[in-house]
Amino acid sequence: MKKMHTILNLTLLAGLLALFALQTAGAAEMFEEISTEDMQYVRGLVSSVKLDKMQVAIRPPKGKTLRITITPDTVLEGVSQIDEFEKEQQVKVWYRVEDGENNAIKIIKLMELGC
Amino acid sequence: MRNGYITLLTLIALCCASVAAVSAQTAYDNREALEGIKNAQVYFDVNLKDDDLLVLRMELLDRTTRHLQEADVDATVIIGFRGAASRFITKDDHYVLDEQVANKIKIQNWIKQFAKQGFRIEQCALAAEILDIPPDDFLPEVSVVGNGYVSLIGYQAQGYAVVPMD
């Protein structure tokens, strides 16, 4: 009876681990560094920050500057709020074009490694 | 009348003496440092983010090599780029902010001139990878090397003097 219990517990644990692994893989897939039909991806430099409009302007390496709007749902990594963005910081941005606005889904501020 | 001439000549002599004294004071040189030196190997380590400072450093680099030349020192020069400075030696107006384009053009022109002078210009591939700059996006005068730190170590071991430009 005790052995059966252990097997059941282990199976349950394995199931949970598998579920967690699948979710993690799914999340990683969700933020691939490419633009898809569902969302756009850009990597570039912060060229300006407009706190009143909750917008960050991003200059991609070879394109025109984009205005990205930060919404309450935007996930920020490397900064906790918009006013921590600074000019020339390197960022990765995933955004969705909605009603003419580039609404940020996720923004990652990259570390400056200096090497 | 004669006294007037004498006064005038004395004044001219005094002026000449003053000019000579001032010239002697401003004509600095590096004779002691360069005594017996006919050849020098220099590695300029460029690792700057500020574009205004980067332009100034390029000018100083040029002056330094000219001063060596004027002192009859034959210099072998390598300019190593790494860090955020790497963005300014890429092609066109890419990888910089709009307001940095004017300075980027100046830096690009310096790179072209330095290459014509026979200087070797190196770019660290690690820095390029971190900044997401493909090797083909660098100016044709630039040689991309595997690791800028290894270059620093190697050239120092070969006897190059490392001049930090940060």
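## Strand pairing in chain A

A:Val42 has A:Val93 of strand S5 in chain A as its bridge partner. This comes from a predicted model. The two strands involved are S1 (residues 40–50) and S5 (residues 90–98) of chain A, which run antiparallel and are joined by 6 bridges.

S1(A) also pairs with strand S2 (residues 55–59) of chain A, again in the antiparallel sense, over 5 bridges. Within this pairing, A:Ser48 has A:Ala57 of S2(A) as its bridge partner. S1(A) and S2(A) form a hairpin with 4 residues between the strands, and A:Met54 there takes a positive phi near 55°.

## The two sides of helix H5 in chain B

Helix H5 of chain B covers residues 148–157, and its buried residues are B:Gly148, B:Ser151, B:Leu152 and B:Tyr155. Seen down the helix axis, the buried residues of H5(B) fall within an arc of 100°, so they line one face of the helix. An α-helix has 3.6 residues a turn, so residues three or four places apart point the same way.

On the face turned away from the buried side, H5(B) carries the exposed residues B:Val150, B:Ile153 and B:Ala157.

## The ends of helix H5

At the N-terminal end, H5(B) is capped by B:Asn147, with a side-chain oxygen 2.8 Å from the backbone nitrogen of B:Tyr149. After the helix comes B:Gly159, which has a positive phi near 100°.

Note on methods: Residues are numbered from 1 along each chain as its sequence is written. Chains are lettered from A and ligands numbered from 1 in the order in which they are written. This is a predicted model: local features need pLDDT of at least 70, side-chain atom pairs count only at pLDDT 80 or more; totals for chains, interfaces and linings use all residues. Side-chain values use heavy atoms; hydrogens and water are left out. Buried means under 20% relative accessible area, exposed over 50%, partly exposed in between (1.4 Å probe, protein chains only). The arc is that of the directions from the helix axis to the C-beta atoms. A polar contact is a pair of N or O atoms within 3.5 Å; within protein, one must be able to donate a hydrogen and the other to accept it, and residues adjacent in sequence count only if both atoms are side-chain atoms. Two strands pair if DSSP finds at least two bridges between them.
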